[in-house]
Amino acid sequence: MDKIRMGFALTGSFCTLETVLEEMSQLCPDKYEITPILSPVVRDTSTRFLDKEELLSRLAMITPIKPITTIDGAEPIGPKKLFDVMVVAPCTGNTLSKLALGITDTSVTMAVKASLRNEIPVVIAPSTNDALGATAKNIGLLLNTKNIYFVPFAQDMPQKKHTSMVADFSLIEDTVEEAMKGIQIQPVILGMGKHISDHKKND
């Protein structure tokens, strides 16, 4: 059986990158061929959460394929039909809004545009402080966009960050499997604290 060719894009929600890398490493290497795609800010920025060189080192342990880091590097994804599924995790409000408005100005937005051109599933795992603020309307647009699927997400700190929402990254693979069948995994919006254990319980 051929491996599923997965583009896996990371954008600048730096506090969640460690969790996303752990989930990426859990994807079965016998099932997926993973190509990392880094937004410019992820490619170029070291933070207290993760040094940029450490990120590249971690990615090299997960997949032997070198990351795509530029728009021109991502452009062949469309004409060469390089992927079967595209994942964006974490997906910031900035990237969500660009995708909703059709803006293509980074390696990640180009990769998504190319994937939508080929009508393959694009799986988005949001992580943004303004999901219930300025980004809410753009999430709504994407929820109603063909071939875009969301990893279930919830408010993460509702008492301190009233508009912040973050995906349950442990549901990335489940979401991918459903998306490749043309199905949006449910529920999309999780109740506070209702993450994978509750989701599995209700299967």
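Predicted model: local features only at pLDDT ≥ 70, side-chain atom pairs only at ≥ 80, totals over all residues.
Axes here are lines fitted to C-alpha atoms, for helices over the stretch in contact, and angles between them run from 0 to 180 degrees, taken between N-to-C directions.

Two packed helices are described by the angle between their axes and the distance between the axes. For helix H1 (residues 17–26) and helix H3 (residues 52–62), the angle is about 15 degrees and the axes are 10 Å apart. Because angles under 35 degrees count as roughly parallel, H1 is roughly parallel to H3. The crossing of this pair is left-handed. On the H1 side, the contact is made by Glu-18, Leu-21, Glu-22, Met-24 and Ser-25; H3 contributes Leu-55, Arg-58, Leu-59 and Ile-62. Sorted by class, the contact of H1 with H3 holds five nonpolar residues, three charged residues and one polar residue.

A second pair to follow in the structure is H5 (93–101) and helix H6 (residues 107–117). The axes of H5 and H6 come within 10 Å and cross at roughly 40 degrees. That angle makes H5 oblique to H6, and the crossing is right-handed. From H5, the residues in contact are Thr-95, Lys-98 and Leu-99, which meet Val-108, Thr-109 and Val-112 of H6. By class, the contact of H5 with H6 comprises three nonpolar, two polar and one charged residue.

The buried residues of H7 (residues 136–143) are Asn-138, Ile-139 and Leu-142.

Beyond H7, the loop between H7 and E5 contains Thr-145. With a relative accessible area of 31%, Thr-145 is partly exposed, a term that applies because the value falls between the 20% limit for buried and the 50% limit for exposed. Thr-145 is 45 residues from Ala-100 in sequence, and the C-alpha atoms of Thr-145 and Ala-100 are 8.5 Å apart in space.

Methods
Residues numbered from 1 in each chain as written. Heavy atoms only, no water. Helix = DSSP H or I, 4+ residues; strand = E, 2+ residues; numbered from the N terminus. Parallel < 35°, antiparallel > 145°, perpendicular 65-115°, else oblique. Left-handed = near helix turned anticlockwise from the far one by under 90°. Contact = heavy atoms within 4.5 Å. Nonpolar A, V, L, I, M, F, W, Y, C, P; charged D, E, K, R; others polar. Buried < 20%, exposed > 50% of the residue type's maximum accessible area, 1.4 Å probe, protein only.
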